[in-house]
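Reader: I have the model open. Please walk me through how to read its features.

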Amino acid sequence: MASLDTRYSAHDIEARILAAIRAAGLNPEQRLLPEELGALDHFHTGGLRASRELVDLARIGKPDRVLDIGAGLAGCARLLASTIGCRVDCLEMSPDYCVGAALLNRLTGLDDRIKVHEGSALDMPFPDDSFDVVWMQNVGMNIADKGKLYAEINRVLKPGGRFVFQEMAAGSSATTHFPLPWATDPADNFLVSAEEMHTALGQCGFVIEVLEDTSAAHLSRTAANATPAAPGQLSLGVFVDNLGQKAGNARRSLEEGQVRLVRGVFRAN
């Protein structure tokens, strides 16, 4: 079993990112566009395309204050800040990813709208009723105590606020193909079914607006961000080790029904 700190560490991440940006023909001395970085900074199933689809589902407005839990390099936060104009707080437990996120926020000129916090989703450093929207993509698989996670999300949301998420869920049989992007071995794998998510969220005071299985739609496409890019192209391989094997195992697990890809919007009471 690998610790989360080990699994989501990336030594010298600033140097890696800057080298990759230059190799891709971009100039970090000039302001970069968030969409130019999409293959690098959307570390979740479906990549940038999935994030854009979740934006359409989320109905976020410019006045909304948004929290992105497990923000990684903050690609989703930059997407929201640049396209909608809202302010986003990022919560990320990996010190390395926090450093990378802050760098990319500066390079895109969005550091005035995005704030990065290092911390745990189970003990969030925010007062009650702080946010209009909580956003989370492919994070819950790493967290065993779903009840505590959802209770914390409910606590920081304003009454009527929305929890918007994309998640890998348990399928019809046990997950057997490892390593995965979120789990080195079965001891790291905390998947629950979509039905169990729904029940746990309801027990924490959430009301369903949308919960849908998008597995078939994802499998019908060429998987974004799934395989190592050719030299000189940005990809998750800049900071994710063994990307090809992990992504291949994730797709095989999805094809065999061992995992499901779901997304949802739940409203806090």
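Author: Start with one residue and its contacts, meaning heavy atoms within 4.5 Å. Leaving out residues up to four places away in sequence, Ile-153 touches Ile-69, Met-124, Val-134, Met-136, Phe-163 and Phe-206. This is a predicted model: local features need pLDDT of at least 70, side-chain atom pairs count only at pLDDT 80 or more, and totals for chains, interfaces and linings use all residues. Residues are numbered from 1 along each chain as its sequence is written, and side-chain values use heavy atoms, with hydrogens and water left out.

Reader: Does Ile-153 count as buried or exposed?

Author: Buried means under 20% relative accessible area, exposed over 50%, partly exposed in between (1.4 Å probe, protein chains only). Ile-153 has 0% relative accessibility, so it counts as buried. The residue lies in helix α7 (residues 146-156). Helices (H or I, at least four residues) and strands (E, at least two) are DSSP runs, numbered from the N terminus.

Reader: What is the strand order of the open sheet?

Author: Two strands pair if DSSP finds at least two bridges between them. Here seven strands run β3-β2-β1-β4-β5-β7-β6, with mixed pairing. β3 (114-118) and β6 (206-213) are the edges; each has a single partner strand, so one side of each is left without a neighbour in the sheet.

Reader: How many bridges join β5 to β7?

Author: Nine, between antiparallel strands; β5 spans residues 157-170. Phe-163 has Phe-266 in β7 as its bridge partner. Helix α4 (residues 47-58) packs on the sheet and touches β4 (131-137), β5, β6 and β7.

Reader: Which residues touch the most other members of the largest nonpolar core?

Author: In soluble globular proteins, nonpolar side chains tend to be buried together. A nonpolar core is a set of buried Ala, Val, Leu, Ile, Met, Phe, Trp, Tyr and Cys residues joined through side-chain atoms within 4.5 Å. The largest has 32 residues, and Ile-17, Ile-21, Trp-182 and Phe-239 touch the most other members. Elements giving this core two or more residues are α2 (13-23), α6 (95-107), α10 (243-255) and β7 (259-268). Apart from it lies another core, of 29 residues, including Met-124 and Phe-165.

Reader: What does Phe-239 touch?

Author: Beyond four places in sequence, its contacts are Ser-9, Ala-10, Ile-13, Arg-16, Leu-40, Phe-43, Leu-73 and Tyr-97.

Key
Axes are lines fitted to C-alpha atoms, for helices over the stretch in contact, and angles run from 0 to 180 degrees between N-to-C directions.
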